[in-house]
Amino acid sequence: MTVLLAGATGMVGSRVLARLLAARVSVVPVGRRATGIAGEVVADFAALPELPAAEVAICALGTTIRAAGSEAAFRAVDHDAVLAFARAAKAAGASRFILVSSVGADAGSRVFYSRVKGEVEAALGAMGFARLDIVQPGLILGPRAERRPAEAFFQRLMPVLNPLLVCGLARYGAVSAGDIARAIVKLSVRVVPGRFVHHNRAIRALAA
């Protein structure tokens, strides 16, 4: 099995990459920043070259409006780059696609962030992948290279609040980047066709 991985230098993607390599899976990182892995594709997502043949594609691309600098710049990453990667992966033969999205993703949302995430999920669903896994974590716990003060505050707070979030509210709690990565690696070998959405509880169960 060969896996195409976008976002391999990010908090979740770097952990996915490490686990795939440890499992001796053939993985091709795709992105603007080099990882040092042989065979990687370093390119802008607006002008991706033909990608190597693969069965599975994993997308862990993502930013924030604050980090991107504007809504347009955010959309260029979380929408345009994701779909460009998906199209290139499908052209390379990938029949299974795994996306790291976000809880609350909804194409009809009034919240810009959630709306963009929902639009991406809908567009991927229309691309015809045999299997589409959408991972929708709440707050992701783990160190980041970039400074996100508000997120840092909630990273300290959410482990305390998590036990209080029950039933449907549990999906809005926090989950570690390590658990998300373990869940994604488990999903990468599943071949039953369909569209599957995974929230915090399912992510932790997969990671266990």
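1. Which strands and which helix do the buried residues of H1 pack against? They pack against strand E1 (2-6), strand E2 (26-31), strand E4 (56-59), strand E5 (96-100), strand E7 (139-141) and H6. The buried residues are Met 11, Val 12, Gly 13, Val 16, Leu 17 and Leu 20. Buried means under 20% relative accessible area with a 1.4 Å probe, protein chains only. Helices (H or I, at least four residues) and strands (E, at least two) are DSSP runs, numbered from the N terminus.

2. A word on the source. This is a predicted model, where local features need pLDDT of at least 70 and side-chain atom pairs count only at pLDDT 80 or more. Residues are numbered from 1 along each chain as its sequence is written.

3. Helix H1 (residues 11-22) and helix H6 (residues 177-187) pack at about 50 degrees, with axes 8 Å apart. Axes are lines fitted to C-alpha atoms, for helices over the stretch in contact, and angles run from 0 to 180 degrees between N-to-C directions. H1 and H6 are therefore oblique to each other. Angles under 35 degrees count as roughly parallel, over 145 as roughly antiparallel, 65 to 115 as roughly perpendicular and the rest as oblique.

4. On the H1 side, the contact (heavy atoms within 4.5 Å) includes Met 11, Arg 15 and Arg 19. On the H6 side, Ile 180, Arg 182 and Val 185 are among the residues involved.

5. Helix H3 (residues 71-91) and helix H4 (residues 112-125) have axes that come within 10 Å and cross at roughly 15 degrees. That makes H3 roughly parallel to H4. Among the residues that meet are Phe 74 and Val 82 in H3 and Tyr 113 and Val 120 in H4.

Note on methods
Side-chain values use heavy atoms; hydrogens and water are left out. Buried means under 20% relative accessible area, exposed over 50%, partly exposed in between (1.4 Å probe, protein chains only).
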